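Trainee: Could you walk me through this one? I'd like to go through a helix and a metal site with you.

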Amino acid sequence: MATGLVITAHPGDFVWRAGGAIALHARRGMRVKILCLSYGERGESQWAWKQPGVTIEEVKQQRRKEAERAAEILGAEIEFMDAGDYPLRTTDAMLDRAVDIFRELKPSFVLTHALEDPYNVDHPEAARFAQEARIIAQAAGHKPDPSRAYAAPPVFLFEPHQPEQCNFKPDVILNIDEVWETKRKAFEVLAAQKHLWEYYTRVALNRGMQGGRNSGKPMTYGEAYQRLFPEAVEALA
Ligand SMILES: [Zn+2]
């Protein structure tokens with residue numbers, strides 16, 4: 001079964017930035033797995049922290065439930081690492097687990113954060129972690145197994161909140177028209193970030209317009225990506 005792997009710092013990220021790609025490939029029969037490095041408990045849970053006396057464990061549990069619900073709507077499975085957020089700190093054990101996931105899934109594509117984000121250092125940290133796991137998964141000397149063939153998958157960086165500041169320049173626009181309603185339902189699960197619902201609808205409409213302009217085919221809703229590595233092809237047309 002073909003698989004896709006999505007590695008994000010916080011739950012909101014896989015919904016806003018890659019929810020269309022996740023829903024689209026899941027609908028086409030792919031196994032899509034989200035590896036969510038934290039619960040976004042400190043940095044994207046403003047609403048939860050307004051409850052007097054709430055503890056960090058309670059906030060984590062609330063966010064975990066939300067993230068699981070959003071993943072279910074999108075048709076993906078989700079695994080958490082509880083690396084914390086603000087700051088996000090991964091361990092060697094987490095890296096080892098991520099390498100195992102790469103080798104087990106042999107993903108056809110990986111989606112993760114842009115390499116820079118001056119507003120949120122958890123994001124480039126998650127991207128660095130994803131790259132490191134992908135690289136180690138290719139290393140023959142890591143848990144050697146000569147019977148195992150492994151090819152490194154292409155990596156697509158999804159769109160950050162403020163793309164220009166993150167030096168994000170999209171070179172792929174994915175048509176998400178057929179799954180837009182699913183993506184919208186998934187982000188309506190994120191009650192703590194209601195202020196972003198309309199914002200990310202506008203982002204999708206703008207990318208859809210650009211997708212139509214670049215493809216000559218009608219597109220209403222789009223999701224933008226930047227390839228980390230060149231695409232190797234046999235012909236240009
Ligand atoms: Zn985030």
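Trainee: Which exposed residues sit on the face of α6 turned away from its buried side?

Mentor: First, the ground rules: this is a predicted model, where local features need pLDDT of at least 70, side-chain atom pairs count only at pLDDT 80 or more, and totals for chains, interfaces and linings use all residues. Residues are numbered from 1 along each chain as its sequence is written, and side-chain values use heavy atoms, with hydrogens and water left out. Exposed means over 50% relative accessible area, buried under 20%, and partly exposed in between (1.4 Å probe, protein chains only). On that face of α6, the exposed residues are M209, R213 and N214.

Trainee: What arc do the buried residues of α6 cover around the axis?

Mentor: The buried set is W197, Y200, T201, A204, R207, G208, G211 and G212. The arc is that of the directions from the helix axis to the C-beta atoms. These residues fall on the same side of α6, because their arc is only 145°.

Trainee: What covers the buried residues of α6?

Mentor: Helices (H or I, at least four residues) and strands (E, at least two) are DSSP runs, numbered from the N terminus. Contact means heavy atoms within 4.5 Å. The cover includes α1, β6 (172-175), α5 (180-187) and β7 (222-227).

Trainee: How far apart in space are R17 and A204, C-alpha to C-alpha?

Mentor: In sequence, 187 residues separate R17 and A204. In space, their C-alpha atoms are apart by 9.5 Å.

Trainee: On to the metal: what is the arrangement of the four donor atoms around the zinc ion?

Mentor: Donors are N, O and S atoms within 2.8 Å of the metal (3.2 Å for Na, K and Ca), and water is not among the atoms, so sites may look incomplete. The protein donors here are H10 (ND1), D13 (OD), D13 (OD) and H123 (NE2), 2.1 to 2.5 Å from the zinc ion. Four donors count as tetrahedral if all angles lie between 85 and 135 degrees; four count as square planar and six as octahedral if opposite donors are over 155 degrees apart and all others between 65 and 115; anything else is irregular. The angles here are 55 to 142°, which makes the arrangement irregular.
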